[in-house]
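This briefing sets out side-chain packing, aromatic pairing and charge pairing in one structure. Please read it alongside the sequence and coordinates shown here.

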Amino acid sequence: MARNLVPFLVLLFWISICQAASIFQPISDSHRYAALELFQPTNGAFGSLEETHEALRTFEILGIQEKPDINAATCKSVSEVLGSSAVLKDLFYALRVNDVLKCDIKEEIYESITSRLRTVLNDARSLFDFYYSIGSLLLLKDQSSGVDLSLKDADGIFQSIKALSQSDGRWRYSSNNPESSTYAAGLALEALAGVVSLASLDIDQNIVGTVKNDILKLFDSIEKYDDGALYFEEKVVDAYEHHGPLATTSSVVRGLTAFAAVTSGSLNLPGDAIFGLAKFFLGIGIPGDAKDLFNQIDSLACLETNRVSVPLILSLPATVLSLTKEDQLKVRVTTVLGSLAPHLTVKIVRAFLSGSKDTSIIDGQELKFDPQTGLHTLDAFPKTFDVGNYVFVFEIVLHDSEHMDIYATGGQIQVPIYITGVVNIENAEIAVLDSDLGSIETQKKLDLVGEGVVSLSANHLQKLRLLFQLATPQGHGFKPHQAFLKLRHESGVEHIFVVESLDKQFKIVLDFLGLVEKFFYLSGQYDIQLTVGDAVMENSFLRAVGHIDLDLPEAPEKAPRPPLQPVDPYTRYGPKAEISHIFRAPEKRPPKELSLTFLGLTFLPFLGFLVGLLRLGVNLKCFPTSTVPATFAFLFHLSIAAVILLYTFFWLKLDLFTTLKALGILGIFLVFVGHRTLSYLASTSAKLKSA
């Protein structure tokens, strides 16, 4: 159990570090590996055209070149859907897939689809009808050059979609459904953006301004995490289709960026809104579901190129730095997809020890930029820097003033950083003291870095004292998270004590007279083990110091008994000792020749039976010649043979009950066919006599 404590402590330290560090990393190769793992075709195609679009779109954004070959099977499905009267949703995703694969589609099919979409759009009443029909027309605009796709009544269509909006910025799926949805708001904004793109004349700017106000109202209901991440959540349970925070936020981001791309002017969103949305999508990590991964990657791609503001992500390759190894503080600034950022400077506004916010160790220091690696680096920490848990406050400063309206930097960003080092262990000693006078009976030096162990002995009238000092690389006193002394009896009973500290020195004194009851009056050998560990202490250790032989008094009658120790599973369920069997010597048997002679003699009665048959003149002259009587006669003899064979099996392997069951069935059948056969022979014989 003790040996498993060190990995547990290390794991606990790293978990605390990861939980404390709210650092968001941009898209990396891990997302690419996840995409290839989650989007896997079956028999050369994905399950549906919607899944195909999500896979192709994800591969395209992540720049994955070695993607599965699905062109042949997928283009066949696309051609079938486009050439038929498929539902709007299938038609929409078929055009989306075709936009990537560039399948060979005839121009006549595009003309037929355009005519159908215009008809649907004129009769549209639900948000999905508008969304799929306008989205399909927008895709046809890029795929077909010979079809007029402009909307003559763009203002009317815009008004029809706008009529589904609510006062809180959410939208309804249809005029017949009073429930509003945040997810539907994203679909509506995408549809409105498509109308603006397809309009033959400019849309009335007054109604466009009304939609911008709806977007601001929608952001009034945005949710926020403690780390600054912003997200939208579906409020209505009974909506057309309930969506989680990821799908809902993704829908709003697509609609928001699409609408901002086709309209002029600013949306006047809060400065940290886009940056908070980017934090939400990056804070998810790597989703384990294909749909969630698509929503994450597609939304980040929309934020990467949006007209509102492009978020810049500050990330650190490492948040645990070693003073011993002279690690450098490195910072990287990229877009959400990992693209290069514009010219900028990263500044350390201040750095302070966690819990000492008022005392700054670094103030207003700029990091040095390396254009080859794209990293901003702090060459060296100040000489007064020591091990500990620090909080660094970074700020991104853009060089070009025009970039301030294009990029969102997130203001001042706090990052917890662990500075680790080798802690000096000095003046370690262990001693046995006299209980009354406190004089030293036995004292030995300890080498807590090496492998040496000590051997001590004491009785219940004495004390055990352990001393050691811990100092940081700068010579300051160091107090680790954990400092334990454990005594383990040879029976398996363990006792753990916390080692207290005063400045640099750690000290513990065990008075055995007051501990005899806690030790259950168990005399014998106790192993001594010392554990010292901390997240910033590179030389944390758990090691055996030695052992002490304790002579404790006999336990009183009513003294507490030591707890039962768990049984080692290996001794209970492990392999047992091999059992050696002594068999009885085999009985003496007759010679082989005598046995074979006796076997031959057993056949003599059978030979006598055959000779008797020949002497009696047995023949087959009376065997029936007609078909039915001959069949019964044959079955009669076959049944007799079966009974004899059954007796043989009974003699070899069958038990009595099984034999009787089988004999009962065979006996009934034998009586039946025998009666028919003998009746036939009797009637034949009677006819011959009468003749």
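The points below are grouped by topic, after a note on the basis of the values.

The model is predicted, so local features need pLDDT of at least 70 and side-chain atom pairs count only at pLDDT 80 or more, while totals for chains, interfaces and linings use all residues. Residues are numbered from 1 along each chain as its sequence is written, and side-chain values use heavy atoms, with hydrogens and water left out.

**Nonpolar cores**

- The largest nonpolar core has 105 residues, of which Ile134, Phe158, Ile161, Val195, Ile203, Phe219 and Leu277 touch the most other members. A nonpolar core is a set of buried Ala, Val, Leu, Ile, Met, Phe, Trp, Tyr and Cys residues joined through side-chain atoms within 4.5 Å. Buried means under 20% relative accessible area, exposed over 50%, and partly exposed in between (1.4 Å probe, protein chains only).
- Helix α9 (residues 182-198) gives the most to this core, namely 11 residues. Helices (H or I, at least four residues) and strands (E, at least two) are DSSP runs, numbered from the N terminus.
- Apart from neighbours within four places in sequence, Ile203 is in contact (heavy atoms within 4.5 Å) with Ala154, Asp155, Phe158, Val195, Val196 and Val208.
- A second, separate core comprises 46 residues, including Tyr418, Val423, Ala458 and Leu522.

**Aromatic pairs**

- The count of aromatic pairs comes to 20. Rings of Phe, Tyr and Trp (its six-membered ring) pair if their centres lie within 6.5 Å; planes under 30 degrees apart count as stacked, over 60 as edge-to-face and the rest as tilted.
- Phe92 and Tyr132 form a tilted pair, because their ring centres are 5.4 Å apart and their planes stand at 55°. Phe92 lies in helix α5 (residues 88-101) and Tyr132 in helix α7 (residues 127-143), so the pair ties together parts 40 residues apart in sequence.
- Phe92 is buried at a relative accessible area of 3%, and Tyr132 is buried at 11%.
- One aromatic cluster is formed by Phe92, Tyr93, Phe128, Tyr131, Tyr132 and Tyr173.
- Phe385 and Tyr390 form a stacked pair, at 4.5 Å centre to centre with 15° between the planes. Both Phe385 and Tyr390 are buried.

**Salt bridges**

- The whole structure contains 14 salt bridges. A salt bridge is a side-chain nitrogen of Lys or Arg within 4 Å of a carboxyl oxygen of Asp or Glu.
- Glu429 and Lys445 meet in a salt bridge (3.6 Å, N to O). Glu429 lies in strand β15 (residues 424-434) and Lys445 in strand β16 (residues 440-445), so the pair ties together parts 16 residues apart in sequence.
- In this pair Glu429 is buried, at 11% relative accessibility, whereas Lys445 is exposed, at 62%.
- Glu60 and Arg57 also form a salt bridge (3.9 Å, N to O). Both residues lie in helix α3 (residues 49-62), 3 residues apart, about one turn of the helix.
- Glu50, Glu54, Lys89 and Lys291 are linked in a salt-bridge network.

**Buried threonines**

- Thr74 lies in helix α4 (residues 71-82) and is buried, at 3% relative accessibility. Leaving aside neighbours within four places in sequence, Thr74 is in contact with Gly44, Thr52, Val97 and Leu101.
- Thr531 lies in strand β23 (residues 524-533) and is buried, with a relative accessible area of 5%. Thr531 and Ala483 are 48 residues apart in sequence and 5.5 Å apart in space, C-alpha to C-alpha.
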